[in-house]
Amino acid sequence: MNIIWGNNMSCSGKMWIISCIFTFSLFFPIVLASGAYPVEKFSLSSGREIFNSNCAGCHGEKGDGSVLKGAFNFTDNELMRTKNSSIFFNVVTNGVPGTAMPSFGKLSTPQRWDVAAYLWTFWTDKVAVEDGRNIYQKNCASCHGTNGDGSGLLGAFDFANVSKMVTEEPEVFFRSVSNGINGTAMPPWKDSLSEDERWDSVKYIWTFQFKDNSQLNHSSVKTTFDEIPPTGGIWYDKPAGMVIVVISIILAVVVLYLFGKGMRER
Ligand code: HEC
Ligand code: HEC
């Protein structure tokens, strides 16, 4: 009896430790996440100040990577559309080992977030943002709210929630805007808005993260995007598809000719 009881005791003791570790490991990421992600909107004026005094020396005041060869170009759409602010924050914190990109761990956490968010202003050019504002206020504000906070419809994405926005990529947003989100109220826009208009709305959405939006002084260069191949789209519009179509037509003509010849020879 005693032995069994003793066994049970040690077992429940072990169980307690295991369940304690289990519970902790469940909550640890939440604690980490709530500590790591910002809750307050970003400050453009602070981001700009930090950038100009710490980063412009290599990345250029316009963020185009023009000063040091190999420094990241934040105006390049192809590079920017698969990035998010969390990636930038981590690079600013740790640097890129083996390259000229140094660590800025000496900056405070809010300073690192502000400068990471500021990098997007090189991508959200002025023309696109103004275009995007018109498109957004006309088509999207009814659900997502005039200020992007999702106040129009319960469940509509809140673009002012920076802790959510820092892990979002422009390309994912573009796809959602184009195709809608199945099973939700978010409709597809690819038939009613051009590709440029959809990108412009995504760029405008990005500006809801700043608390001092009036301070935006975007680059005036209009940036355009390369077409993202439509998933399951019109294959015959592509070069390889065209070749297949042409070869099929030639083959059909040859077969018809041979068939006709055979008929005549009978
Ligand atoms: C001494 C030059 C130098 C300075 C100063 C510098 N950078 Fe960089 N940065 C680079 C280089 C070079 C790279 C490219 C590294 C690579 O090849 O991956 C880079 C890359 C980056 C990237 C990586 C983008 C990506 O996802 O690949 C970010 C973000 C960045 N820098 C932000 C900053 C910020 C913000 C500052 C100022 C706080 C700054 N940099 C200061 C040289 C610099
Ligand atoms: C009828 C309401 C409605 C309208 C109009 C609407 N949305 Fe949405 N949108 C939603 C809802 C609801 C969601 C959240 C869907 C979910 O639960 O994932 C959403 C999500 C999104 C997302 C997040 C997608 C993601 O990948 O998580 C983006 C970006 C977005 N909308 C952009 C737009 C843009 C741009 C417009 C206008 C061109 C627009 N929406 C118009 C209801 C709407």
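Modeller: Two residues are in contact if their C-beta atoms, placed from the backbone, lie within 7 Å; with that cut-off, in this predicted model, 66% of the contacts in the chain between residues at least 6 apart in sequence join residues at least 24 apart.

Biologist: What makes I205 a residue that touches G148, F159 and F173?

Modeller: A contact requires C-beta atoms within 7 Å, and I205 touches G148, F159 and F173 when residues up to four places away in sequence are not counted. I205 is also among the residues with the most contacts inside the largest nonpolar core, together with V115, A116 and L119.

Biologist: Why is that set of 39 residues called a nonpolar core?

Modeller: The name applies to buried residues of kinds such as Ala, Val, Leu and Ile that are joined through C-beta atoms within 7 Å, and the largest such set here has 39 residues. Elements that each supply at least two residues of this core include α2 (44–54), α6 (109–118), α7 (126–139) and α11 (195–206).

Biologist: What makes α5 stand out in the shell around ligand 1?

Modeller: With 4 residues, α5 gives the most to that shell, while α3 (56–59) and α5 (85–94) each supply at least two of its residues. Altogether 21 residues surround ligand 1, the closest being C55, C58, F72, T99 and M101, and the shell divides into 15 nonpolar, 5 polar and 1 charged.

How values were computed:
Residues numbered from 1 in each chain as written. Chains lettered and ligands numbered in written order. Predicted model: local features only at pLDDT ≥ 70, side-chain atom pairs only at ≥ 80, totals over all residues. Near = placed C-beta within 6 Å. Nonpolar A, V, L, I, M, F, W, Y, C, P; charged D, E, K, R; others polar. Buried ≥ 20, exposed ≤ 12 C-beta atoms within 10 Å, placed from the backbone.
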